[in-house]
Amino acid sequence: MKKNFLLTPGPTPLPPQVLEAMSRPIIHHRTPAFQAILKEATEGLKYVFQTTSDVFMISSSGTGAMEAAVINLLCAGDTALVVQGGKFGERWTEICQAYGITAEVLDVEWGKGVDPLEISKRLKANPKIKAVFTTLCETSTGVANDLEAIGKVVKETPAVLVVDAISGLGAIDIKTDAWFCDVVVSGSQKGLMLPPGLGFISVSAKAWKLVEASKSPRYYLDLRKAKKALDKTDTPFTSSITLIIALNEALKMIKEDGLENIFARHRKMAEATRAAMKGLGLELFAPSAASDAVTAVKLPAGIDGEKLVKTMRDTYGVTIAGGQAELKGKVIRIAHMGYIGEFDIILGISCLEKVLQQSGYKFNLGAGVKAAEEIFLK
Ligand SMILES: *Cc1c(COP(=O)(O)O)cnc(C)c1O
């Protein structure tokens, strides 16, 4: 018998309430019954985004919402500043380039957070920059950026701040309004405890002016259409009915827990994971800006990360993530995000210890689990 455990930074495990919601018979979307759900889910999203602005739902994975942000705010010939400190920062650049938007890249060493001062300098040097694209949690490196500080810098300029919070939202704090994050993009399969398939995007009043002015061709991802529909508690095309019903259940769980408790729980799981890695003699990939949603860990020379992840998954049923792009084989990433709890983390660390031991890496067996337990006991 092999039992499966998911500890990846998307998709994340699904709570029973969400699974149950998805097994209900389908209903029609243009009905009072569905509209009531859509309304409740939209209000719940505003709570999680910590915003009073509209939050739109898009039937796509998170990247669809990123693309919606780019084409609704900017058009060919415009200039954007992109913070690029990992694979997902690069995605902003690629989307901009696909639409003929000039992406000025602010390269950040992988594993480090962006210095808000650098953003300020770049904005001063080029007043043509209309938008700053950045990432809340750079899932590829395990970095969390300081959005509060970045927001303070960007708000003083005509540029809008656009944040990829696909991983991080619902796990670590992002105060959309209070931190002046004009556009926040997210997805369903990470902190929100749902399957992939829904994208979300919030738009401030400052950003909405760009939405109306953008000359980009748009159809399915046109937020002007989405706004018209949302004002009537509707979506412009067939709603992702089942996913939105499930979303409503997940949001109820989040509201019951309360955001502050959820952030504290994630902080503790992150601390436990980091302590465990230290206990095993492993180094964090992003020690100075570690995210509380996912931990990236450097592997010692001689340990092949891809093989390690494969053994954990195929032999023991515990799925963590390996490294992406230039980090392939060199790091592992353990998620502590969404419907993941204390004992999932202990289990993941225990399995990691087993496979490390079998690979010949020298450490005190149990040292990782012990370090994590000590944090959870605090
Ligand atoms: C997972 C993730 C994405 C990609 O989202 P998809 O749902 O795969 O399109 C983008 N950005 C970040 C930071 C992510 O973690």
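**Entry 1: helix H3**

I began with helix H3, residues 62-73, in what is a predicted model. Its twelve residues reach 17 Å from the first C-alpha to the last. That is close to the 16 Å expected at 1.5 Å a residue.

Next I asked myself how many of the twelve residues of H3 are buried. I found ten, so I noted H3 as mostly covered, with buried meaning under 20% relative accessible area. I wrote down the buried ones: Gly-62, Gly-64, Ala-65, Met-66, Ala-68, Ala-69, Val-70, Ile-71, Asn-72 and Leu-73.

**Entry 2: salt bridges, and a pair between loops**

I then turned to the charged side chains. With a side-chain nitrogen of Lys or Arg within 4 Å of a carboxyl oxygen of Asp or Glu as the rule, I get 18 salt bridges.

I looked up Arg-30 and found it in a salt bridge with Asp-234, with 2.6 Å between the closest N and O atoms. Which parts does this pair tie together? Arg-30 sits in the loop between helix H1 (16-22) and helix H2 (32-49), while Asp-234 sits in the loop between helix H8 (223-230) and helix H9 (241-257), so the bridge links parts 204 residues apart in sequence. I also checked the cover on Arg-30: the residue is partly exposed, at 44% relative accessible area.

**Entry 3: a pair within H11**

In helix H11 (residues 305-316) I picked out Asp-314 and Lys-310, which lie four residues apart, about one turn of the helix. Their side chains meet in a salt bridge, 3.2 Å from N to O. As for cover, Asp-314 is partly exposed at 37% relative accessibility, and Lys-310 is partly exposed at 47%.

I noted one network here too: salt bridges with shared partners join Glu-20, Arg-24, Glu-249 and Lys-252.

**Entry 4: a pair within H9**

Note on methods: Residues numbered from 1 in each chain as written. Predicted model: local features only at pLDDT ≥ 70, side-chain atom pairs only at ≥ 80, totals over all residues. Heavy atoms only, no water. Helix = DSSP H or I, 4+ residues; strand = E, 2+ residues; numbered from the N terminus. Buried < 20%, exposed > 50% of the residue type's maximum accessible area, 1.4 Å probe, protein only. Expected span 1.5 Å × (residues − 1).
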